[in-house]
Amino acid sequence: MKRFAAAVAAFGLGSAAGTLIQVLKGKIAALLLGTAGMGVLNQATAVWSLLTTVSGLGVGSGAVKRIALARAAGDDAAIARQVTSALTAVGLCSLAVALAATPLAGWLSALLFHDGGERRVLLLLVAWGVPFAVCAQVYRAMLSAARETRTLVLAQVWSDLIGLALFGVLIWRLDLFGAVLALSLLHATKFALLYAGARRCYGRVAVTPQPARFAWDELRENLVYGANGLLLVATGIVVVLIVSRWIIGAYGLDAAGLFSTAWKVATVYLAAIYASAGSYYFPALAVCDDDRRLGAQIDEALTVYLYLVPPLMAAIVLSAEWLIPLLFSAAFAPAAALLLLLLPGDLCRVVAETLGLSLLARRHLRAYCGLYFAWAAVYLGLTALLLPRLQLTGVALAYLLSQALQLVLAAIVVGRTFAYRIGPAAASALLRGALLVAVAVAAALTLPQLPARIAAAAAIAAAWLLLSWRDLHFRELAAGLFRRLGLRPT
């Protein structure tokens, strides 16, 4: 458990620079674009994510694995075949997407923004920036396979810093056009940095596509490996696009900007969770050779996540009324109320996805995908029902209810598939975490004044710590943290 907690902490620290830059970008965009402009920008960003996901064909994970194996075997020819096959596939696919989007830009703009095609140029900028992003993923896979961590981190940091500078200048001079142009230029910059890093590591020949090296068998293996993740990621992005479009159609771009801003807050504090899930938790599940070990690994992950996430959620809930205007602007203050429903939904999501990854690790793909598709269908159905009645609050409530249902379904499916029952430590951490978030939401609803909120936060934190300190695992992790800080707890 200590190693798992250390991994989560490391991923959190590793994403701190990127998170800070995203916060700065959000602040700049909020001040210069307002709520309506943020609604457009977030919708365009979601389109970007969808196009890059589809054009990337899910080859990234498979490419890392196969290039790493070829590198370990000293097989330069296999590396060249893998790189050529991947670059050819994603390059041609992304160019086809861009070419198809060009004549359809006006129609897509009307579909996504309810604007009669007014923002077609923004969609063209998005579409023609995608080839840089997906080809960069192949060079990232090459560096990951070589475990060139320093090169990857430097490429990320430099591209983020350059992207921030471009974003600030272009949005100031060109408004929304500049914001979207900066997105494309950011990924062009990242492509150049990753290409240069891969060339230094592997040589010029290896990073250059060689038509004679193209191998369908190499590509097919990667497509099979990544198809499941591609489908689920694309589904999630489509759901976000649909919900945003419904909000735009019903209440306008300002409402879409408010909701997407509240939604994005979750990506900040969940980033370390998803990084650790992909790089530590999932591989740990994959090597479990029996249900007992699998159950112990699930309990360990749940316990650590539930030590870390609920206190952070409670802090955001109690401070959201002041935090949102600070991070964005006063115009975004109404988004704070949405977090009172979205954050409890995220707690359900963290638990449900931690359970569900065990299905993916054991290749129960139908069950794993079924849980995700069930969530998507329920969320869209409840949003269609509640949006006209409760406006943005209805969308947030739909998210909470759909995630709670997904948690129940995940517990049932995983329990039956692996005879899994949550352990005492994980169950206790779950109960404390749920109570902590619930009490924080209640305090935020009933205590509007800052001094009362601060007093409530102190009392809630003290009660949670006293209850958690009775847990041996919690004390062990806390003692390790104190030792790192040079303290000696009693």
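This is a predicted model: local features need pLDDT of at least 70, side-chain atom pairs count only at pLDDT 80 or more; totals for chains, interfaces and linings use all residues.
Is Arg453 buried or exposed, and what is its relative accessible area? I looked this up before anything else. Arg453 is buried, with a relative accessible area of 5%.

**Entry: the partner of Arg453**

I then checked what the Arg453 side chain pairs with. It meets the side chain of Glu321 in a salt bridge, 3.2 Å from N to O. Arg453 sits in helix H16 (residues 450-469) and Glu321 in helix H11, so this pair ties together parts that are 132 residues apart in sequence. Glu321 itself is partly exposed, at a relative accessible area of 41%.

**Entry: the salt bridge count**

How many salt bridges does a search of the whole structure find? I got 5.

**Entry: Asp291 and Arg362**

Asp291 belongs to helix H11 (residues 291-327), while Arg362 is in the loop between helix H12 (335-361) and helix H13 (365-390), so the pair links parts 71 residues apart in sequence. I looked up accessibility for both partners. Asp291 is partly exposed at 33% relative accessibility, and Arg362 is partly exposed too, with a relative accessible area of 26%.

I moved on to the loop between helix H4 (76-113) and helix H5 (120-145), where His114 lies. His114 has a positive phi of about 55°, although it is not a glycine. I also looked at Asp115 and Arg119, whose side chains meet in a salt bridge of 3.1 Å, N to O.

**Entry: a network**

Which residues do salt bridges with shared partners join into one network? I wrote down Asp346, Arg349 and Glu353.

**Entry: Ala419**

Last stop was the loop between helix H14 (392-418) and helix H15 (424-446), where I found Ala419. Its phi is positive, about 50°, although Ala419 is not a glycine. I checked the accessibility here too: Ala419 is exposed, with a relative accessible area of 66%.

Key
Residues are numbered from 1 along each chain as its sequence is written. Side-chain values use heavy atoms; hydrogens and water are left out. Helices (H or I, at least four residues) and strands (E, at least two) are DSSP runs, numbered from the N terminus. Buried means under 20% relative accessible area, exposed over 50%, partly exposed in between (1.4 Å probe, protein chains only). A salt bridge is a side-chain nitrogen of Lys or Arg within 4 Å of a carboxyl oxygen of Asp or Glu.
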